[in-house]
Amino acid sequence: MFAHLPTLNNLRVFEAAARHLSFKLAAEELSLTPTAVSHQIRNLETQLDTRLFIRQTRAVSLTPAGAELAESCRQALLGIAQGIERLGVTPNQLRVATTHGFAALWLAQRLPDFQQRFPDIRVSVSSDEGLQPSDPLGETDLCIRYGKAAEGEEVLFSETFGIYASPGYLKSKQPQVTLLQTRWQNPALDGLDWQQWQQTYHEFKGARLLEFTQEDHLVQAALAGEGLALASSVLVASLVERGWLKPCLPGKVLPGLSYRLLPAPGREQSHRVRVFLEWLRQQALSGAPDRSQD
């Protein structure tokens, strides 16, 4: 019935090259050489007697036939992966991608609770500052992305930006106020900083400014009593609950952005993704992590 079809290996190589629009990236994903990828795709084109890629000097693009076959391969490989998962014969690993700050300051503190509830699911977290989720046939099962929510996207929660400091800093008599802020890494997002705060509330003008490249560095500086931090309410929630940071001027905040849940297409019904999504929703409603894990 299927004897006339190309080999599964050829189709896997083609799908990766079509998804990346790069023989080099497909080779890296599949632990092959670019030459081997090119050779397998030429064999596939010969077998089908159809041109699948338009080859240019530094790039490749799909022909209409190639685009149609790429989508068919994607769906077929997803079906195979889900069928194998249902058999329970592969490690039940969940791959989550999110921003560095959310991974370090929110997710990492709560993951022990998930692992205690679901010890058979191994969670792997990667971080970057991109806006878009990884491709559905890449390694990521679920993205928790930061930015403005599009219509139809599920928002885990939205934030405000306020001023936070350690109790020790608030009790001390500083000769000069020090302001702490993060330099936003993603140029596609409208970052918030002390200049916007001062334009809105006309306070702390002329204060000394310290800037950090990551939110967890900012929070560590605030915990160490280095100054007043302009920080996300989401990322400092557990620290405020523990009393390690105190909100200053709680009635004066700036609106922030949202954290959205973006499962890879085709994986929404996976058991590991479904239970992790439900756990995330419960955690978002409950606020701070379970302190019994400390």
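**Exercise 1. Work out how the span of helix α10 (residues 271–286) compares with the expected value, and list the buried residues of α10.**

Step 1: α10 has 16 residues and runs 23 Å from its first C-alpha to its last, close to the 22 Å expected at 1.5 Å a residue. That expected span is 1.5 Å times one less than the number of residues. Helices here are DSSP runs of H or I with at least four residues, strands are runs of E with at least two, and both are numbered from the N terminus.

Step 2: Buried means under 20% relative accessible area, exposed over 50%, and partly exposed in between (1.4 Å probe, protein chains only). In α10 the buried set is Arg272, Val273, Val275, Phe276, Leu277, Trp279, Leu280 and Gln283.

A word on the model: it's predicted, so local features need pLDDT of at least 70, side-chain atom pairs count only at pLDDT 80 or more, and totals for chains, interfaces and linings use all residues. Residues are numbered from 1 along each chain as its sequence is written, and side-chain values use heavy atoms, leaving out hydrogens and water.

**Exercise 2. Find how β7 (residues 178–182) pairs with β8, and the handedness of their unit with α7.**

Step 1: β7 and β8 pair in the parallel sense over five bridges; pairing takes at least two DSSP bridges. Thr182 sits opposite Phe212 in β8.

Step 2: With α7, the two strands make a right-handed β-α-β unit: with the strands pointing away from the viewer, the path from the first strand over the helix to the second runs clockwise.

**Exercise 3. Locate His202 and give its phi.**

Step 1: His202 is in the loop between α7 (194–201) and β8 (208–212).

Step 2: Its phi is positive, about 55°, although His202 is not a glycine.
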